[in-house]
Amino acid sequence: MAVQECRERGTAATVACGTAARELGLKPREFELAVQLGHVRTVSVSAGGRPRVAREEIERLRSGAGFPESLRNRLWAVGTAEAAQLMGVSPARFARLARAGCFAPVRFYVNRYRAVVWHYLAADLVEFADANPELLSGRTDPALRMELEERDDQRARSWRARRLGQLTVLTADPWERAAAVAAVLAPDQLADAVPDPYERAYLSLLRPDLAGIRTDSAAARDVIERVTLAADADEIGRHRERLARALATARAARPAPKPDGYVPVLRPSAEPVPAPAPAPVPGQEQREEEREAQAAVEPAAPAGLRGWLRRLRRIA
């Protein structure tokens, strides 16, 4: 009864995200971005429930200077054409700076031609322009121009770095932080980095949706996957190191949930040498036969990770 009363009080002191967006004068995508950037703090009232926004958080934002324009200005995201106009440069010069990773995109979407369309925070562009006026007009230094043009396109990589930074700040749970890092690794890379299948299953259970894009198109999903997953060996190595540190912290806090009696399978570094068979014990063969006969009439335990993961989801 006391737990139920606490939940009711917690729900009364919070509102759904849709309600919070309307009261803050934000469109759904603006509100989503505000949460990602940490401008609007959400809370969890119940385990597994949708995040909500505290009434006091809404009042804090509404009482801020210049509300609502000040909040919406911090969330102003622009595409390439508007960004170039904002910085006072040509679209070609802006694209060169963006591909070189001079500023990180804040979000993206896939258009009807299956091309990635990047958006940038206007505040980031203004800050970069104020700090680097020499890159915005006149002839760019030839050495710097060559360096910028020869760099691989850094937009997806810088977006991933920014997104992981957002996710790790928004949660204090060590396993959720590890799951965020694991989300940018392809399945084969993750399997190599995390040999324990139940730890991988737990990371998958907590895996965040990095892009937040819903689509029924398989081709669009392939494009989104290319953006969200680490590409080159250097980036993959950095994320694997980061994941190893995050897992060490998570394991120290609590182990990943595993079925009773589970023994982790460790990868052997060399071909194992078989141990000599123990000497038979009188009556042992009869007891083995009895155990096998009993097991034949008992229901078998659910096998495989999928069944265990479904049960874990129902519990969560």
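Reply: Start with Trp 76, which is found in the loop between helix H5 (69-74) and strand E3 (77-78). Helices (H or I, at least four residues) and strands (E, at least two) are DSSP runs, numbered from the N terminus. This is a predicted model: local features need pLDDT of at least 70, side-chain atom pairs count only at pLDDT 80 or more, and totals for chains, interfaces and linings use all residues. Residues are numbered from 1 along each chain as its sequence is written, and side-chain values use heavy atoms, without hydrogens and water.

Me: Is Trp 76 buried, partly exposed or exposed?

Reply: Buried means under 20% relative accessible area, exposed over 50%, and partly exposed in between (1.4 Å probe, protein chains only). Trp 76 has 37%, so Trp 76 is partly exposed.

Me: Where does Leu 205 lie, and is Leu 205 buried or exposed?

Reply: Leu 205 lies in helix H13 (residues 197-206). Leu 205 counts as buried because its relative accessibility is 18%. The C-alpha atoms of Leu 205 and Ala 179 are separated by 8.4 Å, with the two residues 26 apart along the chain.

Me: How do strands E4 and E5 pair?

Reply: Two strands pair if DSSP finds at least two bridges between them. E4 (residues 107-110) and E5 (residues 116-121) have 4 bridges, in the antiparallel sense. Tyr 109 stands opposite Val 117 in E5. The hairpin has 5 residues between the strands, and Arg 114 there takes a positive phi near 60°.

Me: Which residues does Phe 94 contact?

Reply: Contact means heavy atoms within 4.5 Å. Leaving aside neighbours within four places in sequence, the contacts of Phe 94 include Met 87, Phe 103 and Leu 125.
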